[in-house]
Amino acid sequence: MGRITLRNVAKRFGDVAVIPSINLEVEDGEFVVFVGPSGCGKSTLLRLIAGLEDVSGGVIEIDGVNATELPPARRGLAMVFQSYALYPHMSVRKNIAFPLKMAGMEPAEIARKVEAAAAVLNLTGYLDRRPGQLSGGQRQRVAIGRAIVREPAAFLFDEPLSNLDAALRVNMRLEISELHQTLKTTMIYVTHDQVEAMTMADKIVVLNLGRIEQVGSPLDLYRAPANLFVAGFIGSPKMNLIDGPEAARQGAATIGLRPEHIDLSGSAGIWRGTVGIAEHLGSDTFLRVQVEGIGMITVRAGGDTDLRHGDAVWLTPQPGRMHRFDADGKAMA
Amino acid sequence: MARKTTTARKATVTMLAWTIGFIIFFPVLWTILTSFKTEGEAIAAPPSFLFFDWTMENYLTVNERSDYPRHFWNSVVISVGSTLLGVLIAIPAAWSLAFVPGRRTKDVLMWMLSTKMMPAVGVLVPMYLIFRDAGLLDTKTGLVGVLTLINLPIIVWMLYTYFKEIPAEILEAARMDGASLRSEILYVLTPMALPGIASTLLLNIILAWNEAFWTLNLAAAKAAPLTAFIASYSSPEGLFYAKLSAASTMAIAPILILGWFSQKQLVRGLTFGAVK
Amino acid sequence: MATQHSRTVARLMISPAVILLLLWMIVPLAMTLYFSFLRYNLLMPGMEEWAGFSNYRYFLTDPAFFTALRNTLVLVAGVLLITVIGGILLALLLDQPMWGQGIVRILVIAPFFVMPTVSALVWTNMFMNPVNGLFAHAAKALGLQPYDFLAQSPLLSITLIVAWQWLPFATLILLTALQSLDSEQMEAAAMDGAGPLSRFIYVTMPHLTRSVTVVILIQTIFLLSVFAEILVTTNGGPGTASTTLTYLVYVQSMLQFDVGGGAAGGIVAVILANIVAIFLMRMIGKNLQA
């Protein structure tokens with residue numbers, strides 16, 4: 001079981017309210033991602049759940065039990081840190097065994113569990129090495145191994161992939177997702193990378209300035225961002241946000257249009273513009289188009305689009321794909 | 001730095017450095033050499049450098065005729081004892097300062113340092129009277145106590161700078177893994193900081209071994225460590241250079257060896273981390 | 001890492017050290033302060049009486065005080081001058097590529113580990129003694145009159161002995177600082193056309209300034225308390241020619257048993273040391289990210 005409820009949780013450092021007040025429900029078995037720019041309070045929120053920081057107000061419940069005052073060790077949670085936080089003086093085996101040893105488990109039972117975890121994580125051949133002798137990806141797996149042997153109520157991940165190179169990051173992303181499929185344990189995952197959020201989450205929590213901007217499934221957030229912040233944060237390349245007369249014509253303060261929701265034509269369309277920079281990725285082409293009276297618009301076109309700097313193009317927003325926001329940045333129905 | 005160096009330049013630098021090094025080291029070397037001479041050879045003019053009759057006689061005399069072994073033992077007890085006691089008190093303090101920093105952490109550290117700057121002579125009189133009234137004059141216990149207090153700020157500081165280098169995340173991981181504070185310090189912090197703790201021990205044993213204000217003022221006879229015992233050679237009678245050298249060599253040899261091992265950490269310890 | 005629980009534990013764990021140092025700092029110092037206002041001689045127990053500022057007046061107007069103050073300044077300044085200049089030169093030399101650098105380092109550092117009483121005795125007897133000392137032998141071999149160092153220039157002799165002990169400290173710290181100098185900075189300066197001398201003036205020296213300051217401040221703290229070297233070599237003499245403030249207070253309280261006068265001198269010493277300490281603490285405090 002791993003159902004976590006936050007009620008009016010607040011955190012202040014001195015006079016600074018890092019998290020004014022947050023309410024959130026994490027269902028058992030869910031993969032929840034906290035995403036937001038740096039300084040948005042996502043890591044602090046995770047540390048509050050872990051018990052590494054005190055809440056300044058509010059209640060944290062784990063499986064219906066009030067855990068607000070419990071020390072980290074007694075919350076039944078496991079955490080994977082950004083730096084992996086492996087014990088450098090212990091072998092991989094001892095690292096993974098450490099939480100079990102602390103729990104006072106029988107040595108034979110510990111050995112069995114460590115072997116089992118190592119087998120799942122492809123670490124069997126490395127059990128007697130020190131963390132210093134492992135690659136980044138292997139260290140990451142040891143950190144995960146140390147978390148899973150405890151069979152926690154939930155796993156907490158604090159930006160676990162940010163120290164890995166791009167290729168390895170994609171791999172580990174898949175591995176963590178597969179682990180979630182196998183274990184079906186609640187996972188809370190903190191990242192600033194919206195791609196990780198979109199690809200891994202059952203539920204995304206978008207945070208900004210210590211507040212929850214929106215909670216929902218990846219596609220919910222993509223299709224119906226609740227406000228300008230979420231609209232700009234989720235999706236890559238970023239949604240085009242247009243204000244001024246063009247927005248006013250749609251009866252909104254700002255309109256948003258995703259690059260993939262704009263049709264491109266060489267001869268006719270609604271907006272006329274000039275190609276600035278064309279990024280050819282092979283599968284896609286990202287065009288930065290200077291549109292008269294509107295400004296720079298990013299357009300996602302097919303990989304075989306053969307447009308260059310200075311070419312004239314016509315753009316047409318796809319019907320029904322336009323997002324409208326009011327003067328407060330809230331989405332309009 | 002990838003400097004281009006000619007062999008000639010390197011040879012010149014080597015010659016010069018070795019010569020200066022030798023001159024600086026010479027008094028130590030001369031003491032060691034003299035300790036193997038007879039008293040007659042020790043003051044012979046011209047002095048002989050290596051070609052004399054090497055003898056162990058002085059070492060035997062010093063060990064037999066005086067209470068040298070007892071004073072040596074006093075030095076060991078006082079320096080090691082005060083250091084161990086200091087480290088025992090300092091580890092929890094340094095843990096607090098390094099891992100639970102608060103608004104006043106910096107003030108506490110600076111205040112501890114400031115106690116080290118108080119000139120000993122400012123409290124000589126009361127310390128003497130307290131020692132006299134408590135029956136601590138000329139006891140090892142008393143000296144261990146004073147030297148612990150004197151070096152405590154340095155020990156806390158050194159451990160603090162070493163602990164600071166251990167990422168807090170690792171201790172948090174231990175806490176998440178269910179470790180109690182005791183286990184956290186015992187199984188995670190101490191083994192990780194072991195090199196730092198070792199150099200702290202080493203440097204403070206050296207400082208305590210060579211401390212020559214309190215040991216000279218508070219211990220005259222039976223608890224006197226080597227600093228005080230050697231000082232008694234300042235008003236000698238008769239021929240004594242060779243014996244003085246033998247006693248001195250034995251007094252400085254252990255520390256010279258420990259010191260050479262700890263020279264890398266020395267800078268950091270003595271500058272309170274201001275120079276690394 | 002900052003839950004209420006861990007804060008409570010932290011306060012508990014730091015308290016033994018804090019309480020001990022607090023006692024160590026307050027109790028004897030308060031007693032010194034108290035004694036400094038008493039007429040109190042150990043040879044006349046039970047005769048203590050309030051003396052007001054007379055101990056201070058007596059101590060501060062004693063001609064020995066001025067001599068001691070001057071001697072202290074000469075000793076501290078002399079040792080600082082020798083060790084800082086010598087230390088910079090030695091550090092620059094040792095930073096050059098050479099054979100056996102490790103061994104030279106060991107030779108240079110050695111004096112620092114020699115206990116003060118030993119180095120004082122060895123220098124006095126085996127080197128500076130006008131009859132049997134090595135310097136006397138050398139002078140005679142050259143047909144010169146041996147010089148009686150401790151009788152003729154006692155303060156200079158003590159300064160030399162202390163400087164020998166502290167030169168390794170300055171060298172080692174400055175060498176460490178030199179080695180932490182970013183070599184790319186040097187190479188950039190060389191690319192910019194700076195010759196060896198300009199590189200030393202504009203890159204090396206500014207980099208060393210901080211370490212030199214640290215060396216000066218730390219040594220000053222220790223040098224103000226130089227004691228064993230004087231006790232063993234000259235006993236402050238001849239007369240008061242090599243008596244420093246520390247030694248004067250020692251004489252007054254431990255040899256003349258004048259607790260009141262000694263305490264007043266102790267307080268004066270504390271005040272002087274504090275002036276230096278304030279600067280040192282600022283230096284270290286700036287460097288501390290707590």
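This is a predicted model: local features need pLDDT of at least 70, side-chain atom pairs count only at pLDDT 80 or more; totals for chains, interfaces and linings use all residues.
**Stop 1: a helix pair in chain C**

Select residues 154–179 of chain C, which is helix α8, and then residues 196–223, which is helix α10. Their axes come within 10 Å and cross at roughly 150°. That angle is over the cut-off, so α8(C) and α10(C) are roughly antiparallel to each other. The crossing of α8(C) and α10(C) is right-handed.

Now show the side chains where they meet. From α8(C), pick residues including C:Trp166, C:Phe169 and C:Ile173; from α10(C), pick residues including C:Leu208, C:Val214 and C:Leu223. What classes of residue make up this contact of α8(C) with α10(C)? Eleven are nonpolar, three are polar and none is charged.

**Stop 2: a helix pair in chain B**

Move over to chain B and select helix α7 (residues 140–164) together with helix α10 (residues 194–210). Here the axes are 10 Å apart and the packing angle is about 155°. α7(B) and α10(B) are therefore roughly antiparallel to each other, and their crossing is right-handed.

For the contact, click on residues of α7(B) such as B:Ile154, B:Met158 and B:Tyr162, then on residues of α10(B), among them B:Ile197, B:Asn204 and B:Leu207. The residues of this contact split into nine nonpolar, four polar and no charged.

**Stop 3: the sheet in chain A**

Next, go to chain A and colour the strands β6, β7, β8, β3, β9 and β10: in that order they form an open sheet with mixed pairing. Which strands stand at the edges? Look at β6 (77–80) and β10 (211–216) of chain A: each has a single partner strand, so one side of each is left without a neighbour in the sheet. On average, neighbouring strands of this sheet are turned by 20° against each other, ignoring direction.

Zoom in on β3 (residues 31–35) and β8 (residues 186–191) of chain A, which run parallel and are joined by five bridges. To see one bridge up close, select A:Phe34 and its partner in β8(A), A:Val190.

**Stop 4**

Finally, zoom out and colour chain A by its domain assignment: domain 1 is 4–231 and domain 2 is 238–325. Their centres, taken over C-alpha atoms, are separated by 38 Å. Where they touch, four residues of domain 1 are in contact with six residues of domain 2. On the domain 1 side, three of the touching residues are nonpolar, one is polar and none is charged.

Key:
Residues are numbered from 1 along each chain as its sequence is written. Chains are lettered from A and ligands numbered from 1 in the order in which they are written. Two strands pair if DSSP finds at least two bridges between them. Helices (H or I, at least four residues) and strands (E, at least two) are DSSP runs, numbered from the N terminus. Axes are lines fitted to C-alpha atoms, for helices over the stretch in contact, and angles run from 0 to 180 degrees between N-to-C directions. Angles under 35 degrees count as roughly parallel, over 145 as roughly antiparallel, 65 to 115 as roughly perpendicular and the rest as oblique. A crossing is left-handed if the near helix is turned anticlockwise from the far one by less than a right angle, and right-handed if clockwise. Two residues are in contact if their C-beta atoms, placed from the backbone, lie within 7 Å. Ala, Val, Leu, Ile, Met, Phe, Trp, Tyr, Cys and Pro count as nonpolar, Asp, Glu, Lys and Arg as charged, and the others, Gly among them, as polar. Domain bounds come from an automatic or database domain assignment.
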